[in-house]
Amino acid sequence: MDTKILHTLEYRKILNTLLSFAQTTMGKKKAEQLEPSSELEEVKRLLQQTDEAFTFDRLKGSPSFGGIIDITASIKRAEIGGTLNPHELLGISNTTFAARRLKRQIGTLHEDELIESLFYISDQLSEQKTLEDAIKICIDDNAEVADSASVTLAQIRRELRGGEVRIREKLDSMIRSSTVSKMLQDQLITIRGDRFVIPVKAEYRSYFGGIVHDQSGSGATLFIEPESIVAMNNKLRETRIREEREIEIILQKLTALVSEQGEWLLYDVDLLGSLDFIFAKARLARELKATLPRMNDRGFLKLKKGRHPLIPIENVVPIDIELGNDYTSIIVTGPNTGGKTVTLKTIGLLSLMAMSGLFVPAEDGSQLCVFDAIYADIGDEQSIEQNLSTFSSHMTNIIRILKNMTPKSLVLLDELGAGTDPAEGSALAISMLEHMHRTGCRMVATTHYSELKAYAYERKGVINASMEFDINTLSPTYRLLVGVPGRSNAFAIAERLGLPGYILDYARGEVKEEDQRIEHMIASLEENRLTAEQEREKAESLRQDMEKLRSRHQTELEKLEQQRDRRIEKAEEDARSIVDKARAEAEKIIADLRLLAMEEGASVKEHKLIAARKQLDEAEPEKRRKTFKKTATAPKTRAIGPGDEVLVYSLNQKGHVVEMSGSKDAMVQLGIMKMKVSLDDLELQQSAPAAKPKQKPVTGMKRTRDDNVKSELDLRGTNLEEALMETDRFIDEAFLANLGQVYIIHGKGTGILRSGIQDYLRKHKHIKSYRLGNYGEGGNGVTVAELE
């Protein structure tokens with residue numbers, strides 16, 4: 001991309017802002033070197049990285065790059081055999097630690113949120129835990145070689161500390177002496193050139209043997225190393241030399257480890273710079289309140305509320321513009337200082353930002369194109385040195401643009417044809433616009449010439465636009481109006497400023513009638529546009545109100561549904577409790593009936609059955625399932641008689657009529673029970689067979705054949721205890737139903753169930769005999785029992 005265009009559109013100012021959001025030296029370098037790309041896939045990749053970093057920043061906050069420094073120089077010095085100092089080694093350790101931390105943070109978010117590009121970059125960071133630990137063992141947080149670096153160093157430093165203690169004790173005893181203390185300037189011990197000394201008054205120099213290492217500025221104090229500690233200081237000096245040699249050995253070993261990983265570390269530094277740069281783009285997007293644009297390479301551009309990023313958000317007026325579908329060129333007219341130049345720069349700068357992988361300050365849904373180049377002739381660039389006038393300067397730029405542009409270029413022209421005779425200037429402007437339009441490039445141009453309005457109106461693919469001007473305040477609103485040509489407001493402005501009416505009338509008379517018609521037409525268009533815009537705003541307001549109302553109703557509906565669900569759940573729990581209680585009571589009643597039948601030889605008295613029925617009625621739950629009700633209009637086919645199958649409404653059960661008890665009641669057999677039921681509580685289900693003789697009245701519970709009782713029982717899948725209970729019930733029902741033979745299916749399995757069932761049958765009083773099933777009856781998996 002031409003650097004002059006980048007300067008004209010103030011692209012470098014955006015990069016300076018981006019650079020301020022980078023946290024590392026490597027990230028700042030990449031931000032400084034950022035340039036627009038003309039490859040669609042590359043732009044999409046860069047925007048995807050920015051979008052993923054923006055997602056990370058939104059969900060987890062911006063990651064910290066603290067501790068990461070540019071260690072490139074240190075690594076290269078280690079690779080050529082130099083020895084790294086503790087500060088450099090500590091910087092490498094901190095950088096590798098921060099890289100592992102950043103890799104872990106990105107990996108954690110990638111498990112929940114898809115951030116493939118960031119994960120791909122971070123996953124390539126090498127794990128330098130071994131090197132990091134080796135450095136941390138030897139170098140402390142103050143960039144000093146620690147005692148733990150080696151056993152030898154620890155021993156040497158113990159000797160150093162012991163030697164210093166002995167020297168201090170020796171000197172302490174000297175300065176506390178009354179004889180010596182009066183010769184001292186101060187009673188303290190100090191160090192000069194790694195040697196312990198004491199401050200002695202100059203006049204007592206001869207008293208002390210030893211070495212003078214320094215004196216005060218006035219010469220009154222001499223810093224003397226007493227002869228009694230010279231040997232001790234010498235030994236301490238020798239120990240320090242040993243310490244320095246051991247430290248050098250340790251640093252060389254650590255440097256060798258760094259050199260071994262040098263290639264990986266250099267790659268990590270580049271990756272860390274890339275990640276910092278990507279997150280800097282996300283921070284810039286957050287600062288500008290920018291969004292992700294949709295990109296294409298077909299020359300289509302659509303900005304929704306696009307804002308110039310260098311104008312404060314509280315002052316900027318957003319623009320809506322579309323280019324590349326119905327029209328490929330826009331001619332913008334309007335007064336000076338109306339915002340035409342800012343509009344051009346906004347279109348150009350936002351295109352450059354998107355092509356650089358940056359979010360753009362516009363609403364969601366904005367689309368931008370990847371152009372092969374962007375050309376701009378904006379501003380007055382006249383040059384005294386080159387003897388170029390304003391017109392010449394513009395023409396030089398435009399000639400260069402005409403030479404280099406392609407159908408995939410974006411051309412931005414400000415004040416086209418200005419700086420020369422209006423007639424010739426407008427003619428030149430139309431000619432250049434026509435050539436560019438035929439080339440197929442995307443173009444936005446601003447002008448003052450009214451002839452260009454007519455050209456845009458007549459030429460297919462070219463459209464007029466204007467910058468709105470408020471006649472009432474005599475000031476521009478800076479709003480771009482596409483489809484409405486700019487009108488001259490000179491007469492209106494002059495009139496509001498107080499120019500006499502007769503002068504204005506004379507001036508209007510000088511204007512051609514055709515020009516006046518055009519002005520009236522433009523005024524009418526603008527009035528219609530304002531009306532339509534007001535209606536649109538009103539409709540949008542209504543839509544928003546309806547949306548809020550719908551949302552509120554939806555919320556209330558959800559609350560009602562939740563309340564309904566809670567009530568249904570509670571009702572189900574209550575019903576379940578009631579059913580469980582009724583079932584337990586019914587089981588108890590049935591058990592009592594069975595016991596009663598066994599005790600009295602299967603003959604139960606009527607009053608006992610009535611009492612049992614009363615217990616069942618009392619156990620009936622208050623809240624129960626709705627039962628069938630007899631409809632008053634339901635016609636009866638015939639009267640109910642003995643042998644008929646009937647439905648008992650109150651019990652919702654089917655049975656057979658045994659006998660009639662008067663004209664209003666009937667004795668009904670319900671399973672093992674027989675009870676008197678009112679005819680109004682019965683509904684005929686199936687008539688008795690015609691050939692069936694009328695049954696005699698029965699007063700007790702007799703063994704009669706019940707077609708509803710099955711002759712086989714399947715016990716597979718039950719344990720022995722459950723199987724015995726089911727078998728007992730089954731034998732009782734079969735006996736009462738007058739069945740001669742029954743089949744008990746227990747399966748083969750381990751034989752436990754078969755043995756238990758047969759032991760039970762052997763002792764049962766109603767069982768005459770039993771055997772295993774024959775071929776075709778189930779074999780060993782079935783026991784066949786004959787009833788008495």
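Me: Is lysine 305 buried, partly exposed or exposed?

Reply: Start with the cut-offs: buried means under 20% relative accessible area, exposed over 50%, and partly exposed in between, with a 1.4 Å probe and protein chains only. Lysine 305 counts as partly exposed because its relative accessibility is 37%. Its place is strand β6, residues 301–306. Phi of lysine 305 is near 55°, a positive value in a residue other than glycine.

Me: What should I know about the model?

Reply: This is a predicted model, in which local features need pLDDT of at least 70, side-chain atom pairs count only at pLDDT 80 or more, and totals for chains, interfaces and linings use all residues. Residues are numbered from 1 along each chain as its sequence is written, and side-chain values use heavy atoms, with hydrogens and water left out.

Me: How many helices and strands does the chain have?

Reply: Both are DSSP runs numbered from the N terminus: helices are H or I with at least four residues, strands are E with at least two. The chain has 22 helices and 23 strands. Of its 788 residues, 42% are buried.

Me: How far does helix α9 reach from its first C-alpha to its last?

Reply: The expected span is 1.5 Å times one less than the number of residues. Helix α9, residues 151–175, has 25 residues and reaches 36 Å, close to the 36 Å expected.

Me: Which residues of α9 are buried?

Reply: An α-helix has 3.6 residues a turn, so residues three or four places apart point the same way. In α9 the buried residues include Leu153, Ile156, Arg157, Leu160 and Ile167. Among the elements that cover the buried residues of α9 are β2 (195–201) and α11 (230–260).

Me: Which side chain of opposite charge is nearest to glutamate 645?

Reply: Lys and Arg count as positive, Asp and Glu as negative; His and the chain ends are not counted. A salt bridge needs a side-chain nitrogen of Lys or Arg within 4 Å of a carboxyl oxygen of Asp or Glu. For glutamate 645 the nearest is lysine 654, 4.4 Å away. Glutamate 645 is buried yet has no salt bridge. It lies in strand β15, residues 645–648.

Me: Which residues does glutamate 645 touch?

Reply: Contact means heavy atoms within 4.5 Å. Not counting residues up to four places away in sequence, glutamate 645 touches residues including Lys654, His656, Glu683 and Leu684.
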